[in-house]
Amino acid sequence: MIKGKLKVKSKKLKVKNKFKFFAFVFLFSTGYFLPFTCLFSAPPTVFSLLSPDADFISTNTKPFFDWADTTDPDGKGITYAFQYSFFNDFSSYNQIQGLSYSSYTFISDSLTDDNTYYWRAKAVDADGEITYSGSRIIYVNTSNSLPTGF
């Protein structure tokens, strides 16, 4: 353990979309400067949903979902996840992850008829940084059912 006063000076620099923090610690008791660097990753860029439109009524239980591509400012790869939920806050949701494309179509599973779903996409870079799209509502109604009570 080194005793004495400690003085810290730092400077934040943005280099090639990565955030580097350079700092020097001056130990008064020894007269030495101790340099150190911290490197932080940037999350994927913001992206939007393309289709289906908001408040879309699907007559198919396996609709096609599409969103804009995103990029990683650090130049690393991106994977996507498709999330859907009965709740607008996504407090409980289903997720299909590890997608290499910015779209998803249900193949073996499907959405349930006569339900409202909220959906969104998630982009994850190689460093684990995450960016979410906004969310939209889709209504699934494959046939017009008679009102209850008949």
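Biologist: What makes strand 10 and strand 11 a pair?

Modeller: This is a predicted model. In it, strand 10 and strand 11 (residues 130–132) run antiparallel and are joined by 3 bridges. A pair requires at least two bridges, so strand 10 and strand 11 qualify. Lysine 122 stands opposite tyrosine 132 in strand 11. The hairpin of these strands has 4 residues between them, and glycine 128 takes a positive phi near 85 degrees there.

Biologist: How do you know that strand 10 pairs with strand 7?

Modeller: The two run antiparallel and are joined by 8 bridges; the requirement is at least two, and therefore they pair. In strand 10, lysine 122 is the bridge partner of alanine 81. Lysine 122 is also the residue opposite tyrosine 132 of strand 11.

Biologist: How many bridges join strand 10 to strand 12?

Modeller: There are 5, again in the antiparallel sense. Isoleucine 138 of strand 12 is the bridge partner of tyrosine 117.

Biologist: Why is strand 10 called mostly covered?

Modeller: A residue is buried if its relative accessible area is under 20%, and 8 of the 11 residues in strand 10 are buried, so the strand is described as mostly covered.

Biologist: Which residues touch the most other members of the largest nonpolar core?

Modeller: Of its 19 residues, these are Phe65, Trp67, Phe82, Tyr84, Phe106, Leu111 and Trp119. Two or more residues each come from strand 6, strand 7 (78–85), strand 10 (115–125) and strand 12 (136–140). In soluble globular proteins, nonpolar side chains tend to be buried together.

Biologist: What is phenylalanine 106 in contact with, leaving aside its neighbours within four places in sequence?

Modeller: Its contacts are Lys62, Pro63, Phe65, Phe82, Tyr84 and Leu111. Contact here requires heavy atoms within 4.5 Å, so each of these residues has a heavy atom within that limit of phenylalanine 106.

Biologist: Why are strand 4 and strand 9 called edge strands?

Modeller: An open sheet is formed by 3 strands in the order 4-6-9, with antiparallel pairing. Strand 4 (49–51) and strand 9 (103–105) each pair on one side only, and they are its edge strands. The twist averages 20 degrees from one strand to the next.

Biologist: What makes strand 4 and strand 6 a pair?

Modeller: Strand 4 and strand 6 (residues 64–67) have 2 bridges in the antiparallel sense. The criterion is at least two, so this pair meets it. Aspartate 66 in strand 6 is the bridge partner of serine 51.

Technical notes. Residues numbered from 1 in each chain as written. Predicted model: local features only at pLDDT ≥ 70, side-chain atom pairs only at ≥ 80, totals over all residues. Heavy atoms only, no water. Axes fitted to C-alpha atoms, helices over the stretch in contact; angles between N-to-C directions. Core = buried A, V, L, I, M, F, W, Y, C linked by side-chain atoms within 4.5 Å. Buried < 20%, exposed > 50% of the residue type's maximum accessible area, 1.4 Å probe, protein only.
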